[in-house]
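I opened this model to go through loops, helices, cores and cavities. My notes follow in the order I looked things up.

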Amino acid sequence: MAVWLVNTIGRKMSLVLSSLPFLFGFTVIIGSPSVWVLCIGRLIAGVGVGMASLLVPIYVAEIAHRKNKRVLISCIPLMVVVGILGVYVAGLMFPWRWLVLACCVPPFMMLLAMIMMPETPRFLLKQKRRAEALNALAFLRGPDVDHEWEANQIEESIGFWENTSYLTDLKDPTIYKPLILGSSLRIFQQLTGICAVIFYSEIIFADSNFEDSSLAALIVAGILLLFAVVSLFVVEKTGRRVLLIISAVIMMVSTALLAVFLKLSPSKEEEQEKKPSSFSKTNSDLDWMAICSVGTFVAGFGLGWGPVPVLVISEMFPLRVRVGATGFCLLICWAFAFLVTMSFIDIMTGLSAFGAFLFFSIFCVLNIIFVVTLLPETKGKTLEEMAAYFRKKSRKK
(Lines give C-alpha, C1' and ligand atoms only; values in the text may rest on other atoms or scores of the structure.)
Protein backbone atom coordinates (compact mmCIF):
# COMPACT_ATOMS: atom_id res chain seq x y z
CA MET A 1 0.00 0.00 0.00
CA ALA A 2 2.77 2.44 0.90
CA VAL A 3 4.52 1.79 -2.44
CA TRP A 4 1.29 2.62 -4.33
CA LEU A 5 0.68 5.74 -2.23
CA VAL A 6 4.19 7.12 -2.57
CA ASN A 7 4.06 6.83 -6.37
CA THR A 8 0.50 8.16 -6.65
CA ILE A 9 0.01 11.02 -4.20
CA GLY A 10 3.66 11.75 -3.49
CA ARG A 11 6.15 11.37 -0.68
CA LYS A 12 4.89 14.23 1.48
CA MET A 13 1.19 13.34 1.56
CA SER A 14 2.03 9.65 2.06
CA LEU A 15 3.99 10.58 5.20
CA VAL A 16 1.12 12.76 6.39
CA LEU A 17 -1.27 9.83 5.98
CA SER A 18 1.15 7.42 7.68
CA SER A 19 0.74 9.33 10.96
CA LEU A 20 -2.99 8.56 11.06
CA PRO A 21 -2.71 4.77 11.73
CA PHE A 22 -0.36 5.57 14.62
CA LEU A 23 -2.83 8.01 16.20
CA PHE A 24 -5.89 5.84 15.58
CA GLY A 25 -4.15 2.65 16.73
CA PHE A 26 -2.84 4.25 19.93
CA THR A 27 -6.33 5.66 20.64
CA VAL A 28 -7.80 2.15 20.34
CA ILE A 29 -5.09 0.78 22.67
CA ILE A 30 -5.72 3.46 25.30
CA GLY A 31 -9.44 2.68 25.43
CA SER A 32 -9.14 -1.09 24.93
CA PRO A 33 -11.47 -3.03 27.27
CA SER A 34 -9.96 -6.42 26.38
CA VAL A 35 -6.84 -8.10 25.06
CA TRP A 36 -8.40 -8.58 21.61
CA VAL A 37 -9.13 -4.88 21.19
CA LEU A 38 -5.58 -4.18 22.40
CA CYS A 39 -4.24 -6.46 19.66
CA ILE A 40 -6.41 -4.71 17.04
CA GLY A 41 -4.98 -1.36 18.15
CA ARG A 42 -1.44 -2.70 17.87
CA LEU A 43 -2.22 -4.04 14.41
CA ILE A 44 -3.50 -0.64 13.26
CA ALA A 45 -0.44 1.12 14.71
CA GLY A 46 1.71 -1.50 12.98
CA VAL A 47 0.35 -0.30 9.63
CA GLY A 48 1.79 3.11 10.45
CA VAL A 49 5.13 1.55 11.38
CA GLY A 50 5.31 -0.27 8.07
CA MET A 51 4.38 2.82 6.07
CA ALA A 52 6.81 5.11 7.88
CA SER A 53 9.63 2.57 7.63
CA LEU A 54 9.39 2.72 3.83
CA LEU A 55 8.46 6.38 3.35
CA VAL A 56 10.95 8.11 5.64
CA PRO A 57 14.13 6.81 3.89
CA ILE A 58 12.65 7.68 0.49
CA TYR A 59 11.71 11.21 1.55
CA VAL A 60 15.05 11.84 3.24
CA ALA A 61 17.01 10.50 0.25
CA GLU A 62 15.11 12.72 -2.20
CA ILE A 63 15.32 15.99 -0.26
CA ALA A 64 18.93 15.57 0.96
CA HIS A 65 21.86 17.19 -0.83
CA ARG A 66 24.07 14.60 -2.51
CA LYS A 67 27.00 15.52 -0.23
CA ASN A 68 25.18 14.59 2.99
CA LYS A 69 22.65 12.06 1.69
CA ARG A 70 24.46 8.99 3.03
CA VAL A 71 24.88 10.52 6.47
CA LEU A 72 21.20 11.43 6.69
CA ILE A 73 20.12 7.96 5.59
CA SER A 74 22.42 6.47 8.23
CA CYS A 75 20.71 8.66 10.84
CA ILE A 76 17.35 6.96 10.26
CA PRO A 77 18.19 3.73 12.17
CA LEU A 78 19.76 5.93 14.84
CA MET A 79 16.47 7.75 15.32
CA VAL A 80 14.68 4.39 15.62
CA VAL A 81 17.03 3.53 18.49
CA VAL A 82 16.33 6.92 20.08
CA GLY A 83 12.64 6.05 19.95
CA ILE A 84 13.23 2.65 21.58
CA LEU A 85 15.24 4.27 24.36
CA GLY A 86 12.56 6.93 24.83
CA VAL A 87 9.88 4.26 25.28
CA TYR A 88 12.04 2.42 27.84
CA VAL A 89 12.50 5.66 29.81
CA ALA A 90 8.79 6.53 29.61
CA GLY A 91 7.92 2.98 30.67
CA LEU A 92 9.75 3.53 33.95
CA MET A 93 7.78 6.71 34.61
CA PHE A 94 4.20 6.06 33.45
CA PRO A 95 1.52 3.35 33.66
CA TRP A 96 1.04 1.63 30.33
CA ARG A 97 -2.02 3.63 29.22
CA TRP A 98 -0.21 6.91 29.90
CA LEU A 99 2.81 5.47 28.08
CA VAL A 100 0.66 4.86 24.99
CA LEU A 101 -0.72 8.39 25.28
CA ALA A 102 2.86 9.70 25.31
CA CYS A 103 3.52 7.65 22.16
CA CYS A 104 0.84 9.72 20.38
CA VAL A 105 3.08 12.79 20.58
CA PRO A 106 5.73 11.83 17.92
CA PRO A 107 3.22 10.95 15.13
CA PHE A 108 1.23 14.08 15.90
CA MET A 109 4.40 16.17 15.64
CA MET A 110 5.26 14.41 12.36
CA LEU A 111 1.78 15.22 11.04
CA LEU A 112 2.21 18.92 11.79
CA ALA A 113 5.82 19.05 10.52
CA MET A 114 5.09 17.28 7.23
CA ILE A 115 2.23 19.67 6.44
CA MET A 116 4.81 22.48 6.44
CA MET A 117 7.45 20.54 4.45
CA PRO A 118 7.61 20.58 0.63
CA GLU A 119 7.11 17.64 -1.69
CA THR A 120 10.39 16.17 -2.93
CA PRO A 121 11.83 17.89 -6.05
CA ARG A 122 12.34 14.50 -7.70
CA PHE A 123 8.66 13.52 -7.44
CA LEU A 124 7.55 16.95 -8.67
CA LEU A 125 9.86 16.76 -11.70
CA LYS A 126 8.60 13.27 -12.51
CA GLN A 127 5.10 14.80 -12.49
CA LYS A 128 6.28 17.62 -14.84
CA ARG A 129 5.66 20.22 -12.11
CA ARG A 130 8.92 22.10 -12.61
CA ALA A 131 7.89 25.42 -11.02
CA GLU A 132 6.87 23.62 -7.81
CA ALA A 133 10.12 21.64 -7.89
CA LEU A 134 12.16 24.84 -8.08
CA ASN A 135 10.21 26.27 -5.14
CA ALA A 136 10.88 23.08 -3.17
CA LEU A 137 14.60 23.34 -3.95
CA ALA A 138 14.60 26.96 -2.83
CA PHE A 139 13.01 25.91 0.46
CA LEU A 140 15.47 23.04 0.96
CA ARG A 141 18.71 24.63 -0.27
CA GLY A 142 18.14 28.34 0.41
CA PRO A 143 18.03 31.22 -2.07
CA ASP A 144 21.75 31.40 -2.89
CA VAL A 145 21.98 28.08 -4.81
CA ASP A 146 21.62 27.37 -8.53
CA HIS A 147 18.26 25.59 -8.37
CA GLU A 148 17.98 25.35 -12.16
CA TRP A 149 21.23 23.35 -12.33
CA GLU A 150 20.10 20.87 -9.66
CA ALA A 151 16.68 20.49 -11.29
CA ASN A 152 18.40 19.72 -14.61
CA GLN A 153 20.59 17.11 -12.89
CA ILE A 154 17.54 15.42 -11.36
CA GLU A 155 15.72 15.43 -14.71
CA GLU A 156 18.72 13.84 -16.43
CA SER A 157 18.88 11.08 -13.82
CA ILE A 158 15.15 10.46 -14.24
CA GLY A 159 15.54 10.21 -17.99
CA PHE A 160 18.59 7.94 -17.74
CA TRP A 161 17.14 5.44 -15.29
CA GLU A 162 13.46 5.39 -16.25
CA ASN A 163 13.68 4.58 -19.92
CA THR A 164 13.35 0.85 -19.27
CA SER A 165 10.15 -1.15 -19.23
CA TYR A 166 9.15 -2.51 -15.81
CA LEU A 167 8.31 -5.84 -17.46
CA THR A 168 11.99 -6.50 -18.11
CA ASP A 169 13.24 -5.33 -14.71
CA LEU A 170 13.45 -8.74 -13.08
CA LYS A 171 15.56 -10.04 -15.97
CA ASP A 172 18.07 -7.25 -15.47
CA PRO A 173 21.04 -8.27 -13.26
CA THR A 174 21.24 -4.67 -11.99
CA ILE A 175 17.77 -5.25 -10.50
CA TYR A 176 17.39 -8.87 -9.45
CA LYS A 177 20.88 -9.25 -7.98
CA PRO A 178 20.66 -6.30 -5.57
CA LEU A 179 17.08 -7.38 -4.80
CA ILE A 180 18.32 -10.82 -3.72
CA LEU A 181 21.22 -9.32 -1.78
CA GLY A 182 19.02 -6.66 -0.13
CA SER A 183 16.41 -9.23 0.89
CA SER A 184 19.14 -11.52 2.24
CA LEU A 185 20.60 -8.64 4.24
CA ARG A 186 17.22 -8.02 5.85
CA ILE A 187 16.72 -11.73 6.59
CA PHE A 188 20.16 -12.13 8.19
CA GLN A 189 19.57 -8.90 10.11
CA GLN A 190 16.54 -10.42 11.84
CA LEU A 191 18.08 -13.87 12.29
CA THR A 192 20.74 -12.34 14.53
CA GLY A 193 17.92 -12.42 17.11
CA ILE A 194 17.82 -8.67 17.74
CA CYS A 195 14.03 -8.45 18.03
CA ALA A 196 13.94 -11.36 20.47
CA VAL A 197 16.68 -9.80 22.60
CA ILE A 198 15.14 -6.29 22.59
CA PHE A 199 11.54 -7.36 23.18
CA TYR A 200 12.37 -10.00 25.79
CA SER A 201 15.38 -8.36 27.44
CA GLU A 202 13.40 -7.48 30.56
CA ILE A 203 12.24 -11.11 30.85
CA ILE A 204 15.82 -12.33 30.34
CA PHE A 205 17.07 -10.11 33.16
CA ALA A 206 14.15 -11.02 35.43
CA ASP A 207 14.97 -14.72 34.91
CA SER A 208 18.60 -13.85 35.72
CA ASN A 209 17.47 -12.68 39.19
CA PHE A 210 18.12 -8.96 38.63
CA GLU A 211 16.14 -6.95 41.15
CA ASP A 212 15.46 -4.13 38.67
CA SER A 213 15.13 -5.82 35.28
CA SER A 214 13.47 -2.71 33.77
CA LEU A 215 16.54 -0.62 34.58
CA ALA A 216 18.82 -3.29 33.10
CA ALA A 217 16.75 -3.25 29.88
CA LEU A 218 17.04 0.56 29.81
CA ILE A 219 20.83 0.29 30.08
CA VAL A 220 20.84 -2.13 27.14
CA ALA A 221 18.81 0.34 25.03
CA GLY A 222 21.29 3.08 25.96
CA ILE A 223 24.18 0.89 24.79
CA LEU A 224 22.36 0.31 21.50
CA LEU A 225 22.01 4.08 21.01
CA LEU A 226 25.65 4.75 21.88
CA PHE A 227 27.01 2.30 19.33
CA ALA A 228 24.53 3.41 16.67
CA VAL A 229 26.09 6.88 17.06
CA VAL A 230 29.59 5.36 16.81
CA SER A 231 28.55 3.58 13.61
CA LEU A 232 27.44 6.88 12.10
CA PHE A 233 30.96 8.27 12.47
CA VAL A 234 32.97 5.21 11.39
CA VAL A 235 30.91 3.73 8.54
CA GLU A 236 32.48 6.00 5.90
CA LYS A 237 36.00 5.23 7.14
CA THR A 238 35.81 1.46 7.54
CA GLY A 239 33.45 0.59 4.72
CA ARG A 240 30.18 -1.34 4.91
CA ARG A 241 31.54 -4.89 4.69
CA VAL A 242 34.17 -4.48 7.41
CA LEU A 243 31.66 -3.00 9.82
CA LEU A 244 29.16 -5.79 9.13
CA ILE A 245 31.82 -8.45 9.74
CA ILE A 246 33.02 -6.86 13.00
CA SER A 247 29.41 -6.50 14.12
CA ALA A 248 28.60 -10.15 13.37
CA VAL A 249 31.70 -11.39 15.21
CA ILE A 250 30.72 -9.39 18.32
CA MET A 251 27.17 -10.74 18.19
CA MET A 252 28.36 -14.30 17.57
CA VAL A 253 30.58 -14.26 20.67
CA SER A 254 28.01 -12.53 22.89
CA THR A 255 25.11 -14.86 21.99
CA ALA A 256 27.39 -17.86 22.52
CA LEU A 257 28.30 -16.52 25.98
CA LEU A 258 24.64 -15.86 26.75
CA ALA A 259 23.86 -19.45 25.75
CA VAL A 260 26.59 -20.67 28.12
CA PHE A 261 25.16 -18.52 30.92
CA LEU A 262 21.69 -19.95 30.38
CA LYS A 263 23.16 -23.47 30.38
CA LEU A 264 25.10 -22.96 33.63
CA SER A 265 22.55 -20.86 35.50
CA PRO A 266 20.03 -22.96 37.44
CA SER A 267 16.33 -22.33 37.06
CA LYS A 268 14.42 -20.59 39.83
CA GLU A 269 12.93 -23.93 40.94
CA GLU A 270 16.40 -25.43 41.20
CA GLU A 271 17.63 -22.41 43.18
CA GLN A 272 14.82 -22.77 45.69
CA GLU A 273 15.78 -26.41 46.29
CA LYS A 274 19.46 -25.55 46.89
CA LYS A 275 20.73 -24.54 50.30
CA PRO A 276 22.77 -21.33 50.54
CA SER A 277 26.35 -22.11 49.68
CA SER A 278 29.32 -20.81 47.77
CA PHE A 279 27.26 -21.42 44.58
CA SER A 280 25.18 -18.34 45.41
CA LYS A 281 28.17 -16.09 44.78
CA THR A 282 29.03 -17.96 41.58
CA ASN A 283 25.44 -17.62 40.38
CA SER A 284 25.55 -13.87 41.11
CA ASP A 285 28.66 -13.63 38.96
CA LEU A 286 26.84 -15.51 36.21
CA ASP A 287 23.97 -13.00 36.39
CA TRP A 288 26.44 -10.24 35.49
CA MET A 289 27.58 -12.42 32.61
CA ALA A 290 24.00 -12.21 31.28
CA ILE A 291 23.75 -8.42 31.26
CA CYS A 292 27.28 -8.10 29.83
CA SER A 293 26.46 -10.58 27.05
CA VAL A 294 23.20 -8.83 26.13
CA GLY A 295 24.87 -5.42 26.33
CA THR A 296 27.72 -6.58 24.07
CA PHE A 297 25.22 -8.11 21.65
CA VAL A 298 23.24 -4.89 21.20
CA ALA A 299 26.52 -2.93 20.97
CA GLY A 300 27.56 -5.15 18.06
CA PHE A 301 24.16 -4.82 16.41
CA GLY A 302 24.12 -1.05 16.82
CA LEU A 303 27.60 -0.84 15.32
CA GLY A 304 26.86 -2.70 12.10
CA TRP A 305 23.86 -4.90 11.45
CA GLY A 306 21.40 -2.28 12.71
CA PRO A 307 22.17 0.78 10.54
CA VAL A 308 24.39 -0.56 7.74
CA PRO A 309 21.84 -2.72 5.82
CA VAL A 310 19.61 0.34 5.34
CA LEU A 311 22.56 2.25 3.88
CA VAL A 312 23.76 -0.61 1.64
CA ILE A 313 20.29 -1.20 0.20
CA SER A 314 19.92 2.50 -0.63
CA GLU A 315 23.24 2.38 -2.49
CA MET A 316 22.57 -0.71 -4.63
CA PHE A 317 19.28 -0.07 -6.44
CA PRO A 318 18.78 2.02 -9.61
CA LEU A 319 16.54 5.01 -8.97
CA ARG A 320 13.70 3.79 -11.16
CA VAL A 321 13.03 0.77 -8.92
CA ARG A 322 14.26 2.07 -5.58
CA VAL A 323 10.81 2.62 -4.08
CA GLY A 324 9.44 -0.80 -5.01
CA ALA A 325 12.67 -2.69 -4.29
CA THR A 326 13.19 -0.98 -0.94
CA GLY A 327 9.57 -1.73 -0.07
CA PHE A 328 10.02 -5.41 -0.92
CA CYS A 329 13.17 -5.67 1.23
CA LEU A 330 11.35 -3.93 4.07
CA LEU A 331 8.45 -6.37 3.74
CA ILE A 332 10.91 -9.26 4.06
CA CYS A 333 12.47 -7.56 7.09
CA TRP A 334 9.19 -7.13 8.98
CA ALA A 335 8.02 -10.63 8.03
CA PHE A 336 11.13 -12.20 9.54
CA ALA A 337 11.00 -9.83 12.54
CA PHE A 338 7.47 -11.09 13.16
CA LEU A 339 8.49 -14.74 12.74
CA VAL A 340 11.50 -14.47 15.05
CA THR A 341 9.60 -12.54 17.73
CA MET A 342 6.54 -14.80 17.67
CA SER A 343 8.55 -18.03 17.58
CA PHE A 344 11.17 -17.04 20.17
CA ILE A 345 9.30 -18.58 23.12
CA ASP A 346 8.60 -21.73 21.07
CA ILE A 347 12.28 -21.93 20.10
CA MET A 348 13.27 -21.62 23.76
CA THR A 349 10.74 -24.32 24.67
CA GLY A 350 11.87 -26.67 21.94
CA LEU A 351 15.63 -26.10 22.03
CA SER A 352 15.92 -24.75 25.60
CA ALA A 353 17.24 -21.24 26.28
CA PHE A 354 20.76 -22.51 25.65
CA GLY A 355 19.80 -23.89 22.24
CA ALA A 356 17.86 -20.78 21.26
CA PHE A 357 20.79 -18.40 21.71
CA LEU A 358 23.22 -20.92 20.23
CA PHE A 359 20.88 -20.91 17.20
CA PHE A 360 21.30 -17.13 16.89
CA SER A 361 25.07 -17.46 17.33
CA ILE A 362 25.23 -19.90 14.42
CA PHE A 363 23.31 -17.47 12.23
CA CYS A 364 25.82 -14.75 13.09
CA VAL A 365 28.49 -17.07 11.63
CA LEU A 366 26.37 -17.41 8.48
CA ASN A 367 26.11 -13.60 8.36
CA ILE A 368 29.90 -13.38 8.20
CA ILE A 369 30.08 -15.96 5.41
CA PHE A 370 27.38 -14.12 3.45
CA VAL A 371 29.16 -10.74 3.71
CA VAL A 372 32.60 -12.17 2.87
CA THR A 373 31.49 -14.21 -0.13
CA LEU A 374 28.54 -12.39 -1.69
CA LEU A 375 28.05 -8.80 -0.58
CA PRO A 376 29.85 -6.09 -2.60
CA GLU A 377 31.34 -2.99 -1.00
CA THR A 378 29.17 0.05 -1.79
CA LYS A 379 31.28 2.69 -0.05
CA GLY A 380 32.05 5.57 -2.43
CA LYS A 381 30.34 3.87 -5.39
CA THR A 382 27.86 5.66 -7.65
CA LEU A 383 24.69 3.97 -8.88
CA GLU A 384 26.30 3.63 -12.31
CA GLU A 385 29.33 1.87 -10.81
CA MET A 386 27.12 -0.53 -8.87
CA ALA A 387 25.10 -1.29 -12.01
CA ALA A 388 28.33 -1.99 -13.92
CA TYR A 389 29.48 -4.29 -11.09
CA PHE A 390 26.32 -6.40 -11.23
CA ARG A 391 26.44 -6.60 -15.05
CA LYS A 392 30.08 -7.70 -14.92
CA LYS A 393 29.33 -10.41 -12.36
CA SER A 394 26.48 -11.61 -14.55
CA ARG A 395 28.71 -11.90 -17.65
CA LYS A 396 31.30 -13.93 -15.72
CA LYS A 397 28.65 -16.53 -14.93
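I began with Gly-31. It counts as exposed, at 55% relative accessibility. My scale for this is under 20% relative accessible area for buried, over 50% for exposed, and partly exposed in between, with a 1.4 Å probe and protein chains only. Gly-31 sits in the loop between helix 2 (11-30) and helix 3 (35-63). I take helices (H or I, at least four residues) and strands (E, at least two) as DSSP runs, numbered from the N terminus. I also checked Gly-31 against Gly-41, 10 residues along the chain, and found their C-alpha atoms separated by 9.4 Å.

A note on the source: this is a predicted model, where local features need pLDDT of at least 70, side-chain atom pairs count only at pLDDT 80 or more, and totals for chains, interfaces and linings use all residues. Residues are numbered from 1 along each chain as its sequence is written, and side-chain values use heavy atoms, with hydrogens and water left out.

**Confidence**

I looked up pLDDT, the predictor's confidence in each residue, from 0 to 100. The chain has a mean of 81, and 85% of its residues reach 70 or more. Residues 163-167 stay under 50. For that stretch the model has 3 contacts beyond four places in sequence, a contact being heavy atoms within 4.5 Å. Residues 268-282 are also below 50, with 8 contacts beyond near neighbours in sequence.

**Whole chain**

I counted 19 helices and 0 strands. Of the 397 residues, 48% count as buried. Among contacts with a separation of 6 or more, 80% join residues 24 or more positions apart.

**Lys-128**

I then turned to another loop, the one between helix 7 (121-126) and helix 8 (130-141), where Lys-128 is found. Its phi is near 65 degrees, a positive value in a residue other than glycine. Most residues other than glycine have a negative phi. Lys-128 is exposed, with a relative accessible area of 74%.

**Ser-293**

Is Ser-293 buried or exposed? I found it buried, at 5% relative accessible area. Ser-293 lies in helix 16 (residues 279-305). Leaving out residues up to four places away in sequence, Ser-293 touches Ser-254, Leu-257 and Leu-258.

**Val-371**

Val-371 belongs to helix 18. It counts as buried, at 1% relative accessibility. Beyond residues up to four places away in sequence, Val-371 touches Arg-241, Leu-244, Ile-245 and Trp-305. I also checked Val-371 against Leu-185: they are 186 residues apart in sequence and 8.8 Å apart in space, C-alpha to C-alpha.

**Cores**

Nonpolar side chains tend to be buried together in soluble globular proteins. I searched for nonpolar cores, meaning sets of buried Ala, Val, Leu, Ile, Met, Phe, Trp, Tyr and Cys residues joined through side-chain atoms within 4.5 Å. Which members of the largest core touch the most other members? They are Leu-185, Val-298 and Trp-305, in a core of 60 residues. Helix 18 (residues 322-373) gives the largest share of this core, 12 residues. Val-298 touches Ile-194, Val-197, Ile-198, Val-220, Ile-223 and Leu-224, not counting residues up to four places away in sequence. A second, separate core has 22 residues, including Leu-15, Leu-55, Ile-58 and Val-100.

**Cavities**

I searched the whole structure and got 2 cavities of 30 Å³ or more. On a 1 Å grid over the protein atoms alone, a cavity is a set of points where a 1.4 Å probe fits but cannot get out, and lining residues have an atom within 4 Å of a point. Grid points are joined across faces, edges and corners, and a volume is the space filled by probe spheres set on the points.

The largest cavity has a volume of about 40 Å³. Its lining is Ser-74, Ser-231, Leu-232, Val-235, Pro-307, Val-308 and Leu-311. Helix 13 (213-238) and helix 17 (308-316) are the elements that give two or more residues to this lining. The largest share, 3 residues, comes from helix 13. By class I noted 5 nonpolar, 2 polar and no charged residues. Here Ala, Val, Leu, Ile, Met, Phe, Trp, Tyr, Cys and Pro count as nonpolar, Asp, Glu, Lys and Arg as charged, and the others, Gly among them, as polar.

The second largest cavity has a volume of about 30 Å³. Arg-70, Val-71, Ser-74, Leu-232, Val-235 and Glu-236 line it. Helix 4 (69-93) and helix 13 each give two or more residues to that lining. Its classes are 3 nonpolar, 1 polar and 2 charged.

How values were computed
1 Å grid on protein atoms, 1.4 Å probe; cavity = no way out; pocket = protein on both sides within 12 Å on 5 of 7 lines; lining within 4 Å.
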